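This report covers an annotated domain, a helix pair and a few selected residues. The sequence and structure come before the description.

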Amino acid sequence: MRTKSDRIRQAVSFELIGLALVTPLGAWLYGFPLLDIGAISVISSLVATCWNYAFNFAFDHALKRWRGTTAKTLPLRALHATAFELGLLAILLPIFSWWLGLGYVESFMVQLSFALFYLGYTFVFTWCYDRIFPDAEARVAA
């Protein structure tokens, strides 16, 4: 099991590296000023962090009440991930639209590209992080 300080290092490095990658990439891809994409990226990161806490808190409480446990089956994990992402997209849609001066359809497409970027980035980052900072328990079990 990872320590608290290791989890903090992982979360902070994930966000900082992600912002360093997505900001210039988003500015180049969409032709927005670097400052605008950087600001919306930081805002998105902060909103996602808060949404993650609130959503997981509510989801776990609902599971506990509904099923008597917070254990998640594979279908519940799929529901959890889908609901989280849809909620985040809904929360960020007006923010992206207003900040970047886009309509909702264009804003959704930009958000979707960010979500797809972070899907791949999460996979690569986690794999690299586990190689650079291996979890002793996971290494023994592997």
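The unreviewed UniProt entry carries the annotation "domain: Chlorhexidine efflux transporter" for residues 2–65 and 72–134. The coordinates described here are those of a predicted model. In the model, residues 2–65 are 92% helix and 0% strand, and the end C-alpha atoms of this span lie 29 Å apart. For residues 72–134 the figures are 89% helix and 0% strand, with the end C-alpha atoms 26 Å apart.

Helix α1 (residues 4–30) and helix α4 have axes that come within 10 Å and cross at roughly 140 degrees. Angles over 145 degrees would count as roughly antiparallel, and α1 and α4 are therefore classed as oblique to each other. The crossing of α1 past α4 is right-handed. On the α1 side, the contact is made by Asp6, Arg9, Gln10, Ser13, Phe14, Ile17, Gly18, Leu19, Leu21, Val22, Leu25 and Tyr30. On the α4 side, it is made by Met109, Val110, Ser113, Phe114, Phe117, Tyr118, Tyr121, Thr122, Phe125 and Tyr129. By class, the residues of this contact divide into 15 nonpolar, five polar and two charged.

Tyrosine 121 belongs to helix α4, which spans residues 104–132, and is one of the residues in the contact with α1. Leaving out residues up to four places away in sequence, tyrosine 121 touches Ser13, Phe14, Ile17, Gly18 and Leu21. Phenylalanine 14 is 107 residues from tyrosine 121 along the chain, while their C-alpha atoms are separated by 9.1 Å.

Apart from neighbours within four places in sequence, serine 44 is in contact with Leu92 and Phe96. For serine 45, the C-alpha atom is 9.7 Å from that of leucine 16, a residue 29 positions away along the chain.

Are serine 44, serine 45 and tyrosine 121 buried or exposed? The cut-off for buried is under 20% relative accessible area. The table gives the value for each residue.

| Residue | Relative accessibility | Class |
|---|---|---|
| Serine 44 | 10% | buried |
| Serine 45 | 14% | buried |
| Tyrosine 121 | 7% | buried |

Serine 44 counts as buried because its relative accessibility is 10%, and serine 45 likewise because its value is 14%. Tyrosine 121, at 7%, is therefore also in the buried class.

Definitions and conventions
Residues are numbered from 1 along each chain as its sequence is written. This is a predicted model: local features need pLDDT of at least 70, side-chain atom pairs count only at pLDDT 80 or more; totals for chains, interfaces and linings use all residues. Side-chain values use heavy atoms; hydrogens and water are left out. UniProt positions are given in the numbering used here, feature names are shortened, and annotations may be inferred rather than shown by experiment. Helices (H or I, at least four residues) and strands (E, at least two) are DSSP runs, numbered from the N terminus. Buried means under 20% relative accessible area, exposed over 50%, partly exposed in between (1.4 Å probe, protein chains only). Contact means heavy atoms within 4.5 Å. Axes are lines fitted to C-alpha atoms, for helices over the stretch in contact, and angles run from 0 to 180 degrees between N-to-C directions. Angles under 35 degrees count as roughly parallel, over 145 as roughly antiparallel, 65 to 115 as roughly perpendicular and the rest as oblique. A crossing is left-handed if the near helix is turned anticlockwise from the far one by less than a right angle, and right-handed if clockwise. Ala, Val, Leu, Ile, Met, Phe, Trp, Tyr, Cys and Pro count as nonpolar, Asp, Glu, Lys and Arg as charged, and the others, Gly among them, as polar.
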